[in-house]
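Me: I'd like to learn how to read side-chain features in a protein model. Could you walk me through one?

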Amino acid sequence: MNKSKVLLLLMLFLTFSAGELFAQRFSLTGILRNGATEELISGAEVTLKDFAFFAISNESGKFAIDSVFANTYVLNIKMSGFQSYQAQIQVKDDLNLGVITLFPMGYEDATGAALQKTIRATNIAELFNKRPNFIGGNAIYGIPPEPKKLQGNFYLDTKWNKASILLYKNEELIEGYFVRYNINSNTFELRSENSEEATTVPGLRVRNIVWIDSEHGVPRYFINGMDFKEEGSPIAGFFEVLVDGKMPLIRRTIASIKESNYNQALMVGEPDDRVVKRYVYYYVEGKNIIEIPSNKKKLFPIFGESQSEMEAFADTNRLNLKEASSLFSLFTQYNSKFEGFDPLLPKLIDNQP
């Protein structure tokens, strides 16, 4: 190698090294809290996946990682005896993640409510509204083209919604991704904020999921049917929890194909097959889900000793129990009678499927 090439390589190396040396770096901080006891967690390992950045939380639950380059990272938190935690973060400036809640392994809500407390107790308002690294990115991307002669799609919601996901494996909590759910394949599609590429996660790996509805700006909660039974048999697919508590109200979105009824000779009817979606409403008793009776005489007895009281409430408020909003009001009223009730939604989100 001649002298000029050596000098050129040396100059390139020095230029690159100087760029690394003088590139702006930022600090990453946060506090870890025990979701079961509210105590602060010390000794937890905080890392940025595939990078050498590392910290240990102190006695005050605080952790700090210094000299972090501007980039998108996957934050991992591990602590013996606690569920692992993963979140996508974007460092553009000094970043304070606020209070991050970890839960002991196997921690569940002892009230018998449908929604496991590990996902319910995540501070959704803080996660989606206050933490600066999770703000923005509400872009909506087109649906992949459906096969010819099939109109519609199999998505529960075609919009990408920012989500918090609880996996079965190691009870790992994943945050900071945009998600949508394919009913037909029972899979979740995940993508990063700054990417159009998506990866899929089979529904059988997901225990619970909560996402922020990008249209209404409120959280929606979904549970895996595998943890419940209908007429003694396990169920595939996800149910949305509308009212939690002593007797939860949940619903499932069913997607089916309505075949073409086109008459070529008369040139009338629908020329294409079409995906049709509908809601089915259930209540939960223990680990069993039971479809809401359509007959009022069969509905009110499910409330047991409160049957007369719930009938009077329905009459006073002129509830039409064929309407989803009336079922929502009825079950909210019933569950509010019991200590610890906390409404999930201020009102029913009734997007037409």
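Reply: Happy to; we will go through ring pairs, charges, a helix and the nonpolar cores. This is a predicted model, in which local features need pLDDT of at least 70 and side-chain atom pairs count only at pLDDT 80 or more, while totals for chains, interfaces and linings use all residues. Residues are numbered from 1 along each chain as its sequence is written, and side-chain values use heavy atoms, with hydrogens and water left out.

Me: How many aromatic pairs does a search of the whole structure find?

Reply: A pair of aromatic rings is described by the distance of the centres and the angle of the planes. Here, rings of Phe, Tyr and Trp (its six-membered ring) pair if their centres lie within 6.5 Å; planes under 30 degrees apart are stacked, over 60 edge-to-face, and the rest tilted. The search finds twelve such pairs. One of them is Phe51 with Tyr73, edge-to-face at 4.8 Å centre to centre and 75 degrees between the planes. Phe51 lies in the loop between β2 (45-48) and β3 (54-56) and Tyr73 in strand β5 (residues 71-78), so the pair ties together parts 22 residues apart in sequence. Helices (H or I, at least four residues) and strands (E, at least two) are DSSP runs numbered from the N terminus.

Me: Is Tyr73 buried or exposed?

Reply: Buried means under 20% relative accessible area, exposed over 50%, and partly exposed in between (1.4 Å probe, protein chains only). Tyr73, at 2%, is buried, whereas Phe51, at 39%, is partly exposed.

Me: Which charged end sits over the ring of Phe338?

Reply: The test is that NZ of Lys or CZ of Arg is within 6 Å of the ring centre and within 35 degrees of the ring normal. Lys246 meets it, 5.8 Å from the centre of the Phe338 ring. Phe338 also belongs to a cluster linked by ring pairs, along with Phe303, Phe331 and Tyr334. Elsewhere, Arg191 lies over the face of Phe178, 4.9 Å from the ring centre.

Me: How many salt bridges does the structure hold?

Reply: Ten, where a salt bridge is a side-chain nitrogen of Lys or Arg within 4 Å of a carboxyl oxygen of Asp or Glu. Arg220 and Glu240 form one, with their closest N and O atoms 2.8 Å apart. Since Arg220 is in strand β14 (residues 219-224) and Glu240 in strand β17 (residues 238-243), the pair ties together parts 20 residues apart in sequence.

Me: Which residues of α6 are buried?

Reply: An α-helix has 3.6 residues a turn, so residues three or four places apart point the same way. The buried residues of α6 include Leu327, Leu330, Phe331 and Tyr334. Those buried residues pack against β17, β18 (249-258), β19 (273-285), α4 (296-299) and α5.

Me: Which residues have the most contacts inside the largest nonpolar core?

Reply: In soluble globular proteins, nonpolar side chains tend to be buried together. A nonpolar core is a set of buried Ala, Val, Leu, Ile, Met, Phe, Trp, Tyr and Cys residues joined through side-chain atoms within 4.5 Å. The largest has 42 residues, and Ile289, Ile292, Phe303, Leu330 and Phe331 have the most contacts inside it. β14, β17, β18, β19, α5 and α6 each supply at least two of its residues. Apart from this core lies another of 26 residues, among them Tyr73, Ala87, Leu95 and Leu173.

How values were computed
Contact means heavy atoms within 4.5 Å.
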